[in-house]
Amino acid sequence: MPFLLPLQPTIQLALYSNMKTDIEIARECQLAPIEEVARKINVPLDALEHYGKHIAKVPNQLINEEKVKKSNLILVTAITPTKAGIGKTTVSIGLALGLNKLGKNAICALREPSLGPCFGVKGGAAGGGYAQVLPMEKINLHFTGDFHAVTSANNMIAALLDNYIYMHREEGFALKEVLWKRVLDINDRNLRFVVTGLGAKSDGLIAETGFDITPASEIMAILCLAKDIDDLRRRIGNIILGIKMDDTPFRVKDMGVDGAITVLLLDAIKPNLVQTTEQTPAFVHGGPFANIAHGCNTVIATRMAMTYGDYVVTEAGFGADLGAEKFFNIKCRKSGLQPKLTVIVATTQGLKMHGGVPVERIKEPDMEGLVKGCENLDRHIRNMQSFGQSVVVAFNRYATDTDEELALVRRHCEHIGVGFAINNAFLEGGTGATELAQVVVDTIEKKPSKPLTLTYDDTDDIKTKIEKVAKKIYGAATVTYSTAAEKQLLRIQKIGLEHYPVCIAKTQYSFSADKNLYGCPTGFNVHIRDLVINSGSEMIVAIAGDIMRMPGLSKSPQAERIDIVNGEIEGLS
């Protein structure tokens, strides 16, 4: 494979200045009928459940474990992101396109976007430029209704629980603590803490509660970790809703409604088949955030993609300290999956920000800041190697990058023995990712990842698990716990759930729990504010710092730029 020289900055700036928006590019792409997309990877056409001309659900029964074992799974993660993001999804889709350009049978397996960020800060989340999954408007909005199904299932449980308490109160039934919250797929800070049941006695019992965003729902985590419909029902039944007066847990199955909730998710559990800007297949399914949840697409969709693809590209949300850590310690631990390689996405702007360059100057050349910022990249590389992973750095090129900056990072990666490639998929589609694809293929063939080494053991207690992640992955010196968290630890021990993995919810903008502590900090404290028992998804969620499980909207949310003009949607890019 010949070395692909990066575009000269002046040429690239000109190209970017004439660049169409994501939604304009998406509209101009010729979409293939979903039957044609399925035919490319030999998915039986009579098995497709159509959602219009270009989207279909695929039944889980098509997963073939023997083919799964032979497929090459590639994880895409990133350095600690800026508020503008790093472009992980664009790289994930671009890599799949690049692999197909090399003649490989490659599929990407991604998460579904959430309406919260789409109308909040980030806008759309279906890739960008000439590396997108399509139809992007539908994927970014209501898609096949999976998020609505998760929201309905979660809130149906809440309604059934309130009704159960109301109807059985005269029999002496009561909960000393209700743990279950409602959810909405909207950024709405006013719903974080609410009081329900106001009004007449017939309007219910007054209670303090709150809302999380749908991607933080335990139902979403269950959907993404369940291996089949029977496992889904088992997990739903095991959800702990509250604590009874005798200090024993009250679960969904105690109300006898685990079957009813499973019914609401019968369609949602099936993976969604769509296509890329180059008509290659993609599975988009599930959508937990990585800063407040475990940040990976469904196990079922990953296995489905591995059934039909020789190479499968998947991603884990935000930086490698969040999504990738949870991908290994939760998803791989529970599913038995193991990537052959991990790709870490980096940008000059992200590295310069972590190198101490003021945010307003990160688009300007600054070699000193770039060198300093490589410390952040290096820690992410070491963390991924600690799991036994072979690593390739994908440098997501922007118009303001200079050849000197790219050469510096390339030399740095060569010096530490890590593969490096420029990604230009945003500008050039699959052609712009062939260098990355070739480096990935060569690395898998010559230096595949070692057997997975996890950060902690199942037999470790919860405090030990949290501290191992905080110290080994984040670089923390200490971990402290609030009174509420200590109380929950005792409850977890009493119920017998210490064998569960931990899912630490913290800011995505720093290794620490302080969103303003950029770079590669060490010696800090991580304060655990609370612990949430997710006995259905079988994990303990540790709330660190001031992270919120219901985000708020910014002063100028993306919704201000979303509109319908001449019958076409604008502002989702």
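**Reading rings and strands**

A: Phe 328 counts as buried because its relative accessibility is 0%; buried means under 20% relative accessible area, exposed over 50% and partly exposed in between, with a 1.4 Å probe and protein chains only. This is a predicted model, in which local features need pLDDT of at least 70, side-chain atom pairs count only at pLDDT 80 or more, and totals for chains, interfaces and linings use all residues. Residues are numbered from 1 along each chain as its sequence is written, and side-chain values use heavy atoms, with hydrogens and water left out.

Q: Which kind of aromatic pair do Phe 327 and Phe 328 form?

A: Rings of Phe, Tyr and Trp (its six-membered ring) pair if their centres lie within 6.5 Å; planes under 30 degrees apart are stacked, over 60 edge-to-face, and the rest tilted. Phe 327 and Phe 328 are edge-to-face, at 5.6 Å centre to centre and 90° between the planes.

Q: Which residues do ring pairs link into a cluster?

A: The cluster consists of Tyr 164, Phe 173 and Phe 250. Phe 173 and Phe 250 are both buried.

Q: What is the strand order of the open sheet of three strands?

A: Strands of a sheet pair through backbone hydrogen bonds, either parallel or antiparallel. Here the order is β7-β12-β13, with antiparallel pairing; strands (E, at least two residues) are DSSP runs numbered from the N terminus, and two strands pair if DSSP finds at least two bridges between them. The edge strands are β7 (175-178) and β13. Three bridges join β7 to β12 (residues 240-244), and Val 178 has Gly 242 in β12 as its bridge partner.

Methods: Helices (H or I, at least four residues) and strands (E, at least two) are DSSP runs, numbered from the N terminus.
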